Amino acid sequence: MTPDPARFLADLHALRRFGGDEATKGVRRRAFSAEDVAARDWLAARFAEAGLEARIDPVGNVFGLAPGRSLLVGSHSDTQPEGGWLDGALGVIAGLEVARAAREAGGPPVSVVSFQDEEGRFGALTGSSVWSGKLALADADTLVATDGTAFAAAREAVAARAGDFVDPGRFTGFLEMHIEQGPVLDAAGEAVGVVTGIVGLRQFTVTVQGQQNHAGTTPMAKRADAFAAVARISAMLPERFANIVTPSSVWTIGHVTLHPNASSVVPGRAVFTLQWRDIDTDRLDRMEAAIRTLLDDVAAETGCAIRAERLRQDLVPQPMDAGMQVHLREAAEAVAPGRWRSMPSGALHDASNLSRVMPVAMLFVPSIGGISHDFAEHTAEDDLVTGVRVLAEAVRRLG
């Protein structure tokens, strides 16, 4: 089972062209966009050329199926609005290359998948949430993107290509290779990370209702400024979390909208997302309690009404399968002796959802400078090739 580095890298660069931007070297391939659908058609064709049965399901997940029971390998191919070229795509193309190498060598059967909307245009890990049974399709269809597009309408883009859902019971387990999206491996000069677990995530959509008013005539002491309340919440979070969090705990206000969003008007309403992540469920609970208390306090101080709605697709911390980790560690030592480590994942991945229905494990390769979700995301090609070799060796051992 020897992967072909040239073939692997050629396919990885070919996928990059769908939504790729030559000037920035980044990719814009949002879920169900024209670029995303074209990429999924291309992937289905490549899966078929590799001797796999290509299937697209009702939510846009693309499978390349080996006959009978098989190991499933893959990730996702949609991107953030300003995405890098490797996030998710690496795991899909690595899975394809390992499936071809296994087939050529008479190795264990390997199927491949690219899940849809991992990047959360409509929620969190939407395609794998539906496929794994965590989220009912009827409930997924009620999800609405920030641009007002409904999931039910968006998935019409693949309706003509879609067949039935693939039965998860046909797979023995799931392996996902991914860039680290953090600085640890790159800073240490290491080639591979064997993931021990994936953090949990919770998210609020917070609505702050103040009083819209004239920016020139309304005294500061008389204002109920919705954005000022948002700024106060953001500034006070570190203080409220001080005795709760660890250095690996993170929180983010990543999306803010103001109304009426005019330079001469005191904002009367603000809506923002507040997301927090940690590997420990109890700590997630305590962070949530601190957030709710802070929102109540800021509402009392500013005169604004503040309402928080929790995202339905919260993800709990998820350890990786112990047995599969053993094979990944052995493979890492065989291919990159002394240049690997075991480590948690601070980012979410489809593997978290798939753990509901099968054993799962993950493999990381370095991200240069720790940069991801940005056009500047990059990994050295030597590290990409090392990763796919470790993945192939792990699959051989699992087989």
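In this predicted model, four strands form an open sheet with antiparallel pairing, in the order β9-β11-β7-β12. Its edge strands, β9 (250-259) and β12 (305-310), each pair on one side only. From one strand to the next, the twist averages 20 degrees. Strands of a sheet pair through backbone hydrogen bonds, in either a parallel or an antiparallel manner.

Within this sheet, β7 (residues 200-209) and β11 (residues 269-278) are joined in the antiparallel sense over 10 bridges. Gly200 has Asp278 of β11 as its bridge partner. Helix α9 (residues 281-302) lies across β7, β9, β11 and β12, and runs at about 5 degrees to β7.

The loop between β9 and β10 (265-266) contains Pro260. A cis peptide bond, with omega of about 5 degrees, joins His259 to Pro260. Asn261 is also placed in the loop between β9 and β10, and its phi is positive although the residue is not glycine. A positive phi in a residue other than glycine is likewise found at Asp117, which is located in the loop between β4 (110-115) and α4 (126-131).

| Residue | Relative accessible area | Class |
|---|---|---|
| Asp117 | 0% | buried |
| Arg170 | 22% | partly exposed |
| Asn261 | 60% | exposed |

Asp117 is classed as buried because its relative accessible area of 0% is under the 20% limit. Asn261 is classed as exposed because its value of 60% is over the 50% limit.

Arg170 is situated in the loop between α6 (151-154) and β5 (171-179). Leaving aside residues up to four places away in sequence, Arg170 touches Leu65, Ala66, Pro67, Gly68, Arg69 and Ser70. The Arg170 side chain reaches the backbone oxygen of Ala66 at 2.9 Å. Arg170 and Val395 are 225 residues apart in sequence, and their C-alpha atoms are 17 Å apart in space.

Helix α1 (residues 5-16) comprises 12 residues and reaches 17 Å from its first C-alpha to its last, close to the expected 16 Å. Phe8, Leu9, Asp11, Leu12, Ala14, Leu15 and Arg16 are the buried residues of α1. These buried residues pack against α2 (34-49), α3 (89-105) and α12 (381-398).

Terms used: Residues numbered from 1 in each chain as written. Predicted model: local features only at pLDDT ≥ 70, side-chain atom pairs only at ≥ 80, totals over all residues. Heavy atoms only, no water. Helix = DSSP H or I, 4+ residues; strand = E, 2+ residues; numbered from the N terminus. Expected span 1.5 Å × (residues − 1). Buried < 20%, exposed > 50% of the residue type's maximum accessible area, 1.4 Å probe, protein only. Contact = heavy atoms within 4.5 Å. Polar contact = N/O pair within 3.5 Å; in protein donor to acceptor, adjacent residues only side chain to side chain. Pairing = 2+ DSSP bridges. Axes fitted to C-alpha atoms, helices over the stretch in contact; angles between N-to-C directions.
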